[in-house]
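The following note was prepared for a colleague who wishes to review a structural model before using it in further calculations. It is set out as numbered points.

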Amino acid sequence: MKPGKFAFTMTLIVLLFFYIPIFVVVLFSFNSSKSPVWTGVSLKWYEKLFTSSAHVWRTFMNSIIVGISSSFVGVILGTFGAVAMYMGTKKFKKLMWTTTYIPFIIPDIIIGVSLLIFFTTIHLRLSLFTIFIAHVTFSIPYTMMIILTRLQDFDKSIIEAAYDLGATRSIALWKVIIPIALPGIVAAFFMAFTLSIDDFVITFFVAGPSSTTLPLQIFSMVRFGISPVINAISTLLLVGTIFISVLLRKYVRYII
């Protein structure tokens, strides 16, 4: 087999391996039967989701609240961290890069257990607030790296020119640096939001009995058998993710 055909074949196999399970989930969300055997098209699982699944929507709203708030705070902290790395000395950059990179390689279960021990030590009751703190914690490295990548595409001489024209540090930050980093900030927010909505392992350790998020709810539903309602939830999340991705791509392209 020629190298070009081999590469094409392997790429096709990987894509099929990745997308076929997603296609199956979407397909069986429209199956009229609860069994994994196709018996006909039906929307009754979506109807059940919207009419008889109040507990699912409560957990969904918990995920949205935590996702938006933690992403907002994470982006703010990540922006200032990225600016500090961009403007700092080489020694400072090396230190910040090391401390920021470590969370990427630490397993989620270790982060979850560490946060649980910390919250227990300071006698902080597990709730949506502890989930919020945990999500801010693991989102900061991602937001910093995304925003820093955006800043590195520009020459520092632009900022130095602003200083030469009489701009103070605060004016240069809000009038020059933030507008330059804006596409990265938007991308970082949506990345942090996606990670928050998707997270299960860390949330599992820091969630209280009355602070269930959607991934935890889906996990508890799966333990009692796979319901087609889960397929319907997954399909709606997939459609929402694609919609947000398209909007994000158009928005970032517009503001670059």
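1. The structure under review is a predicted model. Local features are considered where pLDDT is at least 70, and side-chain atom pairs count only at pLDDT 80 or more.

2. The nonpolar core. The largest nonpolar core comprises 21 residues. Ile147, Leu151, Ile177 and Ile185 have the most contacts inside this core. Two or more core residues come from each of helix 3 (54-87), helix 6 (128-151), helix 7 (157-164) and helix 8 (169-198). Helix 8 makes the greatest contribution, with 8 residues.

3. Leu151 within the core. Leu151 is among the residues with the most contacts inside the core. When neighbours within four places in sequence are set aside, its contacts are Ala82, Val83, Tyr86, Ile177, Ile180 and Ala181. One of these partners, Ile177, is likewise among the core residues with the most contacts.

4. The largest pocket. Its volume is about 1100 Å³. The lining consists of 38 residues, of which Ile197, Ser234, Leu237, Leu238 and Thr241 are the closest to the centre. At least two lining residues are supplied by each of helix 1 (3-28), helix 3, helix 8, helix 10 (214-223) and helix 11 (228-255). Helix 11 gives the most, with 14 residues. Divided by class, the lining holds 30 nonpolar, 7 polar and 1 charged residues.

5. The second largest pocket. Here the volume is about 190 Å³. There are 14 lining residues, and Asp108, Phe138, Tyr142, Asp199 and Ile202 lie nearest the centre. Helix 4 (90-105), helix 5 (108-121), helix 6, helix 8 and helix 9 (201-206) each supply at least two residues of this lining. The largest share, 3 residues, comes from helix 6. By class, the lining has 11 nonpolar, no polar and 3 charged residues.

6. Thr130 belongs to helix 6. Its relative accessible area is 0%, so Thr130 counts as buried. Beyond four places in sequence, Thr130 is in contact with Phe119, Leu124, Arg125 and Val206. Asn62 is located in helix 3. With a relative accessible area of 15%, Asn62 is also buried, because the cut-off for that class is under 20%. Leaving aside neighbours within four places in sequence, Asn62 is in contact with Leu128, Ser211 and Thr212.

7. A backbone point. Which residue has a positive phi of about 60 degrees although it is not a glycine? The residue is His123, in the loop between helix 5 and helix 6. Most residues other than glycine have a negative phi. His123 has a relative accessibility of 74% and is therefore classed as exposed.

8. The structure contains 12 aromatic pairs. In one of them, the ring centres of Phe104 and Tyr142 are 4.7 Å apart and the planes stand at 75 degrees, so the pair is edge-to-face. Phe104 belongs to helix 4 and Tyr142 to helix 6, so this pair ties together parts that are 38 residues apart in sequence. Phe104 is partly exposed, with a relative accessible area of 30%, and Tyr142, at 30% relative accessibility, is also partly exposed.

9. An aromatic pair within a helix. The ring centres of Phe129 and Phe132 are 6.1 Å apart and the planes are at 25 degrees, so this pair is stacked. Both residues lie in helix 6, 3 residues apart, which is about one turn of the helix. Phe129 is partly exposed, with a relative accessible area of 46%.

10. An aromatic cluster. Phe200, Phe204, Phe205 and Phe219 together form one aromatic cluster.

How values were computed: Residues are numbered from 1 along each chain as its sequence is written. Side-chain values use heavy atoms; hydrogens and water are left out. A nonpolar core is a set of buried Ala, Val, Leu, Ile, Met, Phe, Trp, Tyr and Cys residues joined through side-chain atoms within 4.5 Å. Buried means under 20% relative accessible area, exposed over 50%, partly exposed in between (1.4 Å probe, protein chains only). Helices (H or I, at least four residues) and strands (E, at least two) are DSSP runs, numbered from the N terminus. Contact means heavy atoms within 4.5 Å. On a 1 Å grid over the protein atoms alone, a cavity is a set of points where a 1.4 Å probe fits but cannot get out, and a pocket is an open set with protein on both sides within 12 Å along at least five of seven lines; lining residues have an atom within 4 Å of a point. Grid points are joined across faces, edges and corners, and a volume is the space filled by probe spheres set on the points. Ala, Val, Leu, Ile, Met, Phe, Trp, Tyr, Cys and Pro count as nonpolar, Asp, Glu, Lys and Arg as charged, and the others, Gly among them, as polar. Rings of Phe, Tyr and Trp (its six-membered ring) pair if their centres lie within 6.5 Å; planes under 30 degrees apart count as stacked, over 60 as edge-to-face and the rest as tilted.
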